Amino acid sequence: MVRYTALKGLYDLEKTIGSGGFAKVKLATHVATGEKVAIKIMEKTTLGEDLPRVKLEVEALKTLLHQHICRLYQVIETENHYFMVLEYCSGGELFDHIVEKNRLPEIEARRFFCQIISAVAYMHNLGYAHRDLKPENVLLDKEENLKLIDFGLCAKPKMGMQAHLYTSCGSPTYAAPELIMGKKYLGSEVDIWSMGVLLYALLCGFLPFDDNSLENLYKKILSGKYEEPYWLSHDSKALIKSMLQVDPVKRITIHELCHHPWITSNSLKPVVFIHKTKFEKDDEVLSTMSAICGESNTDIWKKLMRSDRTDYRTATYLLLLDRKLRGLSLKIATKS
Ligand SMILES: COc1cc(O)cc(Nc2ccc(C(=O)Nc3ccccc3)c(OCCC[NH3+])c2)c1
């Protein structure tokens, strides 16, 4: 097991739970609280020109505080590495959940899809596009609530969500036609397309556009033609069709999506933006921390408010708050 001195005494690393291009994700335990976390480890040398993306993602995640967006607790930078301490999503990938069940009944698909819409509407409302929405980037927590992960490709156009983007990114299978054509595109519109692919995967158990050859895959995406299995209801077909519009101008908007009959049926309320308050002050949590560090609640809270919200004190506070919200005892391991 590789030893990282920067984590010593703070986090105990365990098994690797994911590895991608320039990062690997390891399960870990936050020593002070015993809470599980996921730590994304990136080597600066392998990051190369992707280095700025890390800073973009960290800045985005400091702003994106939402119950269906995986939480960033702490960032540790050393000479050679970046460590992102993230929320542990023990339910694993939504993709595996769909494969396991073959496909989801409309009721369950709707529950998951409303959570995705809530997170994406929130992001778009704050001027962020994810640009890499795919089942692998949608995890489940222990209560089977969704958590969006991997904002490494997210964009916050300086001129707002009406400004066009040009970088081609994300995986082709879920990529919108305008993105694979290399045309200028709106982040919000490509996210809607990817959500259409996601909803199709939830309801059908397979992908609308799939092919081993990239060229054929592109042709299928650009044709906008896909199979409609017999089990899809009329409303499901209509909703998917409104999202998988090749012409982005004809594509449903996130606002229309929040109020779509398929979403609001079964007396589900329209999806509203739920702004998670930045940090709720909790004296019981602060007292637990002050018992260890000897500082007063007020001093700890002041330091938290002045911090860049990604230090060990912030991680400890947030993990204790999570424990409390889950009805668990607040305990801190004293330095042994
Ligand atoms: C904002 O959230 C992010 C940003 C980011 O850049 C990367 C990640 N990656 C994560 C975060 C958490 C997990 C995780 O908890 N996985 C897990 C835990 C228990 C059982 C099964 C999975 C994570 O998993 C590895 C990738 C799974 N495809 C990645 C989050």
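Reader: Which residue forms a salt bridge with Glu215?

Author: This is a predicted model, in which local features need pLDDT of at least 70, side-chain atom pairs count only at pLDDT 80 or more, and totals for chains, interfaces and linings use all residues. Residues are numbered from 1 along each chain as its sequence is written, and side-chain values use heavy atoms, with hydrogens and water left out. A salt bridge here is a side-chain nitrogen of Lys or Arg within 4 Å of a carboxyl oxygen of Asp or Glu. With closest N and O atoms 3.5 Å apart, the partner of Glu215 is Lys219.

Reader: In which helix do Glu215 and Lys219 both lie?

Author: Helices (H or I, at least four residues) and strands (E, at least two) are DSSP runs, numbered from the N terminus. Glu215 and Lys219 are 4 residues apart, about one turn of the helix, and the helix that holds both is α7 (residues 214-223).

Reader: Is Glu108 buried or exposed?

Author: Glu108 forms a salt bridge with Lys101, and their closest N and O atoms are 3.1 Å apart. Buried means under 20% relative accessible area, exposed over 50%, and partly exposed in between (1.4 Å probe, protein chains only). Lys101, at 38%, counts as partly exposed. Glu108 has a relative accessible area of 16%, so Glu108 is buried.

Reader: How many residues apart in sequence are the parts that Glu284 and Lys324 tie together?

Author: The side chains of Glu284 and Lys324 meet in a salt bridge of 2.8 Å, N to O. Glu284 lies in helix α11 (residues 283-293) and Lys324 in helix α13 (residues 312-325), so the parts tied together are apart in sequence by 40 residues.

Reader: How many salt bridges does the count come to?

Author: Some residues are linked in a network of salt bridges, namely Glu35, Arg323 and Arg326. By the rule for salt bridges, the count comes to 19.
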